[in-house]
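Hi,

Here is the structure I promised to pass on.

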Amino acid sequence: MASITIRSAVKAYGTAEVLHGVSLAARDGEFVVLVGPSGCGKSTLLRMIAGLESIIDGEIEIGDRVVNELEPKERDIAMVFQSYALYPHMTVRDNMAFALKLAKRSRDEIESEVNRAAGILDIGMLLDRYPRQLSGGQRQRVAMGRAIVRNPAVFLFDEPLSNLDAKLRVQMRSEIKALHHRLGATMIYVTHDQMEAMTMADRIVVMRSGNIEQVGTPLDIYDTPSNSFVAGFIGSPSMNLIKGVVVDADSAPALQTANGVLWPLPPLPAKYDGRSIQLGIRPEHIELTSDGIAASVRSIEPTGAETHLQLEAGDDIVVAVLGNRPKLAIGEPVSFSYDAANILLFDMETGIRLTDHQEVYPRVEAKTARD
């Protein structure tokens with residue numbers, strides 16, 4: 001197995017630069033997930049590691065080798081694509097053995113490696129079938145088996161679950177994570193699905209517009225996002241981000257929105273008074289209360305275990321996730337509050353999370369107006 005180190009990697013197509021000096025280190029045996037919106041550069045970065053895209057500037061190191069000039073076949077990597085790309089005229093056995101045959105491995109070695117991979121993926125009974133006789137999940141297992149037989153130092157996954165239905169995606173997430181545990185291999189996984197990132201990664205790399213916004217464990221990124229973009233991108237439903245101006249910072253601080261709604265804040269230094277910021281609060285931290293911020297019910301989405309509410313508070317739409325099944329109607333007036341310990345604050349201009357307020361907040365009751 002091997003670590004991966006990327007130093008100031010730059011990629012451009014003509015005059016359009018799509019990666020702007022990206023640096024990243026994946027430890028030996030680590031499962032790293034690259035996540036971000038479409039066009040952020042995550043698949044381009046993965047393809048540069050694989051050698052399918054050239055690097056304009058910087059270095060990519062796999063193990064103790066700089067691989068900038070090496071062909072893909074010389075990098076000791078295996079890649080699983082969004083498209084299964086199985087040969088339709090070959091059986092599963094032959095699809096999995098194809099790369100080993102090209103490498104002129106012995107027949108006994110090929111058989112041993114194919115059977116080993118089939119055992120790991122529980123597809124031994126499928127070896128004599130053709131791809132047309134397989135389900136989508138089975139085809140994806142075969143694609144992974146084709147990578148496993150090569151015993152690579154690094155596995156690269158480019159949105160491998162995008163073509164599967166929701167139930168099968170959940171199953172395959174668990175299987176890929178279990179595969180990582182069994183093999184102990186270094187894996188880099190690209191997805192736009194933040195739920196995949198949260199449930200599978202040892203560490204998540206959040207990307208935007210060709211830059212890395214934050215690297216950390218799933219819970220670190222969820223609990224302490226570095227900026228408002230990460231806060232809004234990671235989490236489903238996403239974090240509520242409310243824009244406003246701090247008032248009475250040194251006495252009874254609140255965030256005042258454009259239409260006058262007041263969101264209570266924790267104690268703040270006086271320098272915050274009059275500052276434009278964003279308040280972040282996760283939907284699961286919103287509570288319906290008898291006395292709080294006035295709102296009305298915009299939509300109700302029962303999921304079975306939870307109820308998702310969209311609430312209109314002034315000009316803002318606030319999402320709340322409740323663990324019960326409240327009997328509410330569209331348009332019904334309600335009020336809500338939150339524990340100020342769960343608030344995150346972000347600078348309005350830069351989006352950077354503010355950290356110089358108190359770390360442990362007292363309970364603050366919500367208010368709806370100020371004289």
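First, the housekeeping. This is a predicted model, with local features needing pLDDT of at least 70, side-chain atom pairs counting only at pLDDT 80 or more, and totals for chains, interfaces and linings using all residues. Residues are numbered from 1 along each chain as its sequence is written, and side-chain values use heavy atoms, with hydrogens and water left out.

Helix α1 covers residues 42–50 and is largely enclosed by the rest of the structure, because seven of its nine residues are buried. (Helices, H or I of at least four residues, and strands, E of at least two, are DSSP runs numbered from the N terminus; buried is under 20% relative accessible area, exposed over 50%, partly exposed in between, with a 1.4 Å probe and protein chains only.) The buried set includes Leu45, Leu46 and Ile49. Just after α1, Gly51 has a positive phi of about 90 degrees.

Now the charges: there are 17 salt bridges, each a side-chain nitrogen of Lys or Arg within 4 Å of a carboxyl oxygen of Asp or Glu. One joins Glu59 and Arg7 at 3.1 Å, N to O. That pair links distant parts of the chain, with Glu59 in strand β4 and Arg7 in strand β1, 52 residues apart. Arg7 and Glu59 also belong to a salt-bridge network with Glu61.

Another bridge pairs Glu30 with Arg27 at 3.0 Å, N to O; Glu30 is buried at 5%, while Arg27 is exposed at 52%.

Cheers
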